[in-house]
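Hi,

Here is the structure we talked about. Please load it, then read the notes below.

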Amino acid sequence: MIDQLIPAIGLIAGRFEDFGGKLLDHLLKTPLEHSGVNFLGEPVSSVLDSTSDDGLVVAQYSDETGYFAGEMQKASDDIDKALVRRPSATRILLIAAERKRPIVADNFKKKVLAQPRMKGRSIGILGAQTIAVLIVRKLLFNDAAIEELSEYLPDLAQMHEEAARDRLFPDLPIQHSRRPTITSEIRSRLAASPCLVLTGMGGSGKSESATAYGIEDAADYDLRIWLEPDEFKGAKGLQALPLVRGGTKRNVATLLKRQRCLLVIDDPAMPVAIEDLVALCGKGSHVLITARNAMPGEYRIPELTPDEACDILNKAVTSVCPETVFDTIWETVGGHPLSYALMNAAVLTGGTWEDIKLDCQAVGEFADPQQRLADRLLSRYREVLRKELSFFEWAGQPECDSRFLRHAILPVGIRKLRERALTASDRPSTVRLHDVVYASLSSLDWWSADEDQRAIGTPFVG
């Protein structure tokens, strides 16, 4: 990775000052003001490139060739300029796009530091290889930094994508409808406490709300981590839970302490001690937990309002739901988000509003109409989704490794599940059915054990 980045850094050219400023923003704890680049991203020669508010830290950037040649005249001029404009500076950083020549740079540094005016001051000289090392070793676990710097180093984006499949944050389902009041409430509660539990019945939108918050507030975090139910082994277990980037491992507990992390623990399979998680959070880190059962300090996801329900129901349809049909739906399932997403998907894939009305009338008298409606809607997919759903029935769990699933049911099978709103917010490495959908599988008389095996095929048995 380092060897690949070094020549790429030398090619940034005219945008190097802008790149250097963003690099230091993520490397230093001291906020810097970047005056050396104007609003068009072009360098301004008459001012210092970057300075801290107190004037103690100064940085100058250069993409000139020959920076480390001879007496390093450009570096000497930058030091003169820094001390004239910021006489209180104690730390001067010189950052160059060229490969550093260690002997030349060390001799220059010794010569300059021997000057009386440099007493109490330090100099840092970064060439292309040092920059590459810092990115790989210090920032590879900082998704926000990688996203910004990839604008200047396209290879970095590919490296990160290849190295960072582990515990990635999921994307929102294609049927997602924004609920800004929920995101705002999560934001407000996390400002008061670093740990928050989101509760609600199956299909109420707990995981989707956590995902939406993480995506909308991504700029507030260096790293976002998502744990599936079986990945969480308690707060102490986070100290042994590795996150891998480019062959380097960090445990999740350390990352929570040292970086601004958002950790989402989705429907954990074991009890959660909130106070232990709070103790792990450093400044700017937060933990969101989704759970069905009530917990102290919980935020219970509110049901949909009629207007929100209509928005989900009519999303992308060619003919909106008639008012009389909506009244029947609302009386049946109330403000249950997943039910509306399933009905919207049913209409988008060939169903009619009259079909939906009949389904609601048929299940309206049951004690659990949301689950019964999911059962009935799913039964309509017997011919088109039998193989895809039988795979999860065979697997005995609602989630599956995406690469294994792509081999078993092909990408078109995964797409069919997602188009019908049957999957939850998915990480790139995992596909997971909604719990309500998975619960419906046992009620569907689509297969026997022998048929199940034949539908999937023998390569996955044993």
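Helix 9 is largely enclosed by the rest of the structure, because 8 of its 11 residues are buried (buried means under 20% relative accessible area, exposed over 50%, partly exposed in between, with a 1.4 Å probe and protein chains only). Helices (H or I, at least four residues) and strands (E, at least two) are DSSP runs, numbered from the N terminus.

Before going on: this is a predicted model, where local features need pLDDT of at least 70, side-chain atom pairs count only at pLDDT 80 or more, and totals for chains, interfaces and linings use all residues. Residues are numbered from 1 along each chain as its sequence is written, and side-chain values use heavy atoms, with hydrogens and water left out.

The buried residues of helix 9 include Lys-206, Ser-207 and Tyr-213. Their cover includes helix 8, strand 6 (195-199) and strand 14 (430-432).

**Cavity**

The whole structure was searched, and 1 cavity of 30 Å³ or more turned up. A cavity here is a set of points on a 1 Å grid over the protein atoms alone, where a 1.4 Å probe fits but cannot get out; lining residues have an atom within 4 Å of a point. Points are joined across faces, edges and corners, and the volume is the space filled by probe spheres set on them.

- Lining: 33 residues, with Ser-204, Gly-205, Lys-206, Glu-208 and His-434 nearest the centre.
- Top contributor: helix 9, with 5 residues.
- Make-up: 10 nonpolar, 14 polar and 9 charged. Ala, Val, Leu, Ile, Met, Phe, Trp, Tyr, Cys and Pro count as nonpolar, Asp, Glu, Lys and Arg as charged, and the others, Gly among them, as polar.

An open sheet of 5 strands runs in the order 1-2-3-4-5, with mixed pairing. Two strands pair if DSSP finds at least two bridges between them. Strand 1 (32-34) and strand 5 (122-126) are the edges, each pairing on one side only. Strand 3 (57-62) and strand 4 (91-96) pair in the parallel sense over 6 bridges. Gln-60 has Leu-94 of strand 4 as its bridge partner.

Most residues other than glycine have a negative phi. Ala-316 has a positive one, about 70°. Ala-316 sits in the loop between helix 12 (306-313) and helix 13 (323-333). Ala-421 also has a positive phi, near 65°. Its loop lies between helix 18 (402-419) and strand 14. Which is buried, and which exposed? Ala-316 is exposed, at 67% relative accessible area, while Ala-421 is buried, at 3%.

Best regards

Definitions and conventions:
On a 1 Å grid over the protein atoms alone, a cavity is a set of points where a 1.4 Å probe fits but cannot get out, and a pocket is an open set with protein on both sides within 12 Å along at least five of seven lines; lining residues have an atom within 4 Å of a point. Contact means heavy atoms within 4.5 Å.
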